[in-house]
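Thanks for coming. I will go through one model this morning, starting with a term and then moving from the strands to the core.

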Amino acid sequence: ADGGQNNSKLLHNEFSDHRKMFLELRSAMGTLSFSQGEQMEIFQVVCALLHLSNLTLNGAFVDVNDGEECKLDENSVSLQRALSLLGVSYEALDSAVTTVQFKAVDELVTKNLSASQAAQAVQALIKGVYDSIFTILVGRINSCIAGASTSGDTEQNSGGAFIGLLDIFGFETFQKNVFEQFCINYCNESLQQQ
């Protein structure tokens with residue numbers, strides 16, 4: 001009833017009414033022609049990634065064979081929520097982040113990762129998915145700004161109008177880094193690589 005004002009200490013640009021801020025986000029996404037289903041899919045994936053980020057902390061992996069390999073802690077609440085939101089099995093995610101496969105001669109070899117290596121694999125997974133979401137959002141913004149050409153390319157590809165993001169200060173200057181600051185830094189890194 002209070003718009004989230006008493007539920008959290010989060011204050012973003014003097015915006016303390018979380019409900020109103022979320023409704024404005026949904027409205028903006030609607031303006032960009034994101035259907036309600038697409039919006040919910042984006043929110044679901046972002047929530048899953050936030051839960052996955054907890055797996056980079058100590059205790060998210062159980063050591064096996066004196067630390068030579070590891071597995072995800074099946075009792076982790078964050079893991080269970082991430083699996084549910086992503087719609088993947090424990091076995092699939094565990095294998096994806098605790099092992100690496102490579103081809104040696106004509107044979108596919110699987111190597112087990114340590115807990116610290118697996119945590120890095122989770123971080124890489126999170127970054128890759130955030131990159132995909134960012135690309136989708138910027139692509140949709142550019143499509144709305146410039147419109148699509150007959151070949152399916154946006155005008156950005158043909159030298160027309162497009163949007164670019166840049167934060168000249170970076171998030172390193174803040175005492176406490178929050179999700180928005182992570183997104184700003186990630187955008188900067190993506191733009192610098194183009």
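Two strands pair if DSSP finds at least two bridges between them. Keep in mind that this is a predicted model. With that term in hand, take E3, residues 99-104, and E4, residues 107-112: the two are antiparallel and are joined by 6 bridges. Within that pairing, Thr99 faces Asn112 of E4.

The turn comes next. E3 and E4 make a hairpin, and 2 residues lie between the strands. Val105 sits in that loop. Its phi is positive, about 60°, and Val105 is not a glycine. As background, most residues other than glycine have a negative phi. Is Val105 buried or exposed? Val105 is exposed, because its relative accessibility is 76% and the cut-off for exposed is over 50%.

There is a second case of this kind. Ser33 belongs to the loop between H1 and H2, and its position is just after H1. Phi of Ser33 is near 70°, again a positive value in a residue other than glycine.

Since H1 has come up, here is a check on its geometry. Helix H1 covers residues 18-31, which is 14 residues. At 1.5 Å a residue the helix should span 20 Å, and the C-alpha atoms at its ends are 20 Å apart, so the two values agree.

Now the chain as a whole. It contains 6 helices and 4 strands. Read from the N terminus, the order is α-α-β-β-α-α-β-β-α-α. The chain has 194 residues, and 26% of them count as buried. The accessible surface is about 12,900 Å², with 53% of that belonging to carbon and sulfur atoms. For contacts with a separation of 6 or more, residues 24 or more positions apart account for 45%.

On to the core. The largest nonpolar core has 24 residues, and among those with the most contacts inside it are Leu52, Leu55, Phe61, Leu79 and Val122. Which elements give two or more residues to this core? They are helix H2 (36-53), strand E2 (69-72), H3, helix H4 (90-98) and helix H5 (115-146). H5 contributes the most, with 6 residues.

Leu79 lies in helix H3, residues 77-86. With a relative accessible area of 0%, Leu79 is buried, because the cut-off is under 20%. Apart from neighbours within four places in sequence, Leu79 is in contact with Leu55, Leu72, Asp73, Glu74, Tyr90 and Leu93. There is also a distance to note: the C-alpha atoms of Leu79 and Ala48 are separated by 8.9 Å, with the two residues 31 apart along the chain.

The other is Phe61. Leaving out residues up to four places away in sequence, Phe61 touches Leu55, Leu72, Val97, Ala115, Ala118, Ala119 and Val122, among others. Cys70 is also one of the residues that Phe61 touches.

Cys70 is buried, at a relative accessible area of 6%. Cys47, in contrast, counts as partly exposed, because its relative accessibility is 37%. How many disulfides are there? The count comes to 0, where the cut-off for a pair of cysteine sulfur atoms is within 2.5 Å.

That is the end of the walk through the model.

Key. Residues numbered from 1 in each chain as written. Predicted model: local features only at pLDDT ≥ 70, side-chain atom pairs only at ≥ 80, totals over all residues. Heavy atoms only, no water. Expected span 1.5 Å × (residues − 1). Buried < 20%, exposed > 50% of the residue type's maximum accessible area, 1.4 Å probe, protein only. Contact = heavy atoms within 4.5 Å. Areas by Shrake-Rupley, 256 points an atom, 1.4 Å probe, with all protein chains shown as cover. Core = buried A, V, L, I, M, F, W, Y, C linked by side-chain atoms within 4.5 Å.
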